[in-house]
Amino acid sequence: MSQDLKCPKCQGTMVQGFIPDFAHGTSMPFVSSWVEGQPKKSFFSGLKNIPIAGGIPIAAFRCTGCGYLEFYSDHKYMAQ
Ligand SMILES: [Zn+2]
């Protein structure tokens, strides 16, 4: 995503970030990812049910003016 995104609310500058996911029971967070479909209970009862690479990484762009968050999900946002 380009760096010249403008906030849809106040036209402020949007800065790329991500939402750390600590849900895998480790001190090393993963980037939260988008997973297609309705969540199933088994997703939450067994951590191994979702492969780490099974979702599409989410980038969260934050407005420096008003704090508005806008999310994009794309493989290019995978941890590097
Ligand atoms: Zn804003």
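A residue counts as buried if 20 or more other C-beta atoms lie within 10 Å of its own, as exposed if 12 or fewer do, and as partly exposed in between, with C-beta atoms placed from the backbone. By this rule, 8% of the 80 residues of the chain are buried. The model is predicted: local features need pLDDT of at least 70, side-chain atom pairs count only at pLDDT 80 or more, and totals for chains, interfaces and linings use all residues. Residues are numbered from 1 along each chain as its sequence is written.

**Overall fold**
- The chain has 6 strands and 1 helix; helices (H or I, at least four residues) and strands (E, at least two) are DSSP runs, numbered from the N terminus.
- Their order along the sequence is β-β-β-β-α-β-β.
- Two residues are in contact if their C-beta atoms, placed from the backbone, lie within 7 Å.
- Of the contacts between residues at least 6 apart in sequence, 51% join residues at least 24 apart.

**Strands E5 and E6**
- E5 (residues 56-63) and E6 (residues 69-73) run antiparallel and are joined by 5 bridges; strands pair if DSSP finds at least two bridges between them.
- Phe-61 stands opposite Glu-70 in E6.
- The hairpin of E5 and E6 has 5 residues between the strands, and Gly-67 takes a positive phi near 85° there.

**Cys-63**
- Cys-63 lies in strand E5 and is buried, because 20 other C-beta atoms lie within 10 Å.
- Beyond its neighbours within four places in sequence, Cys-63 is in contact with Cys-7, Lys-9, Cys-10, Gly-12, Met-14 and Tyr-68.
- Leu-5 is 58 residues from Cys-63 along the chain, and their C-alpha atoms are separated by 9.2 Å.
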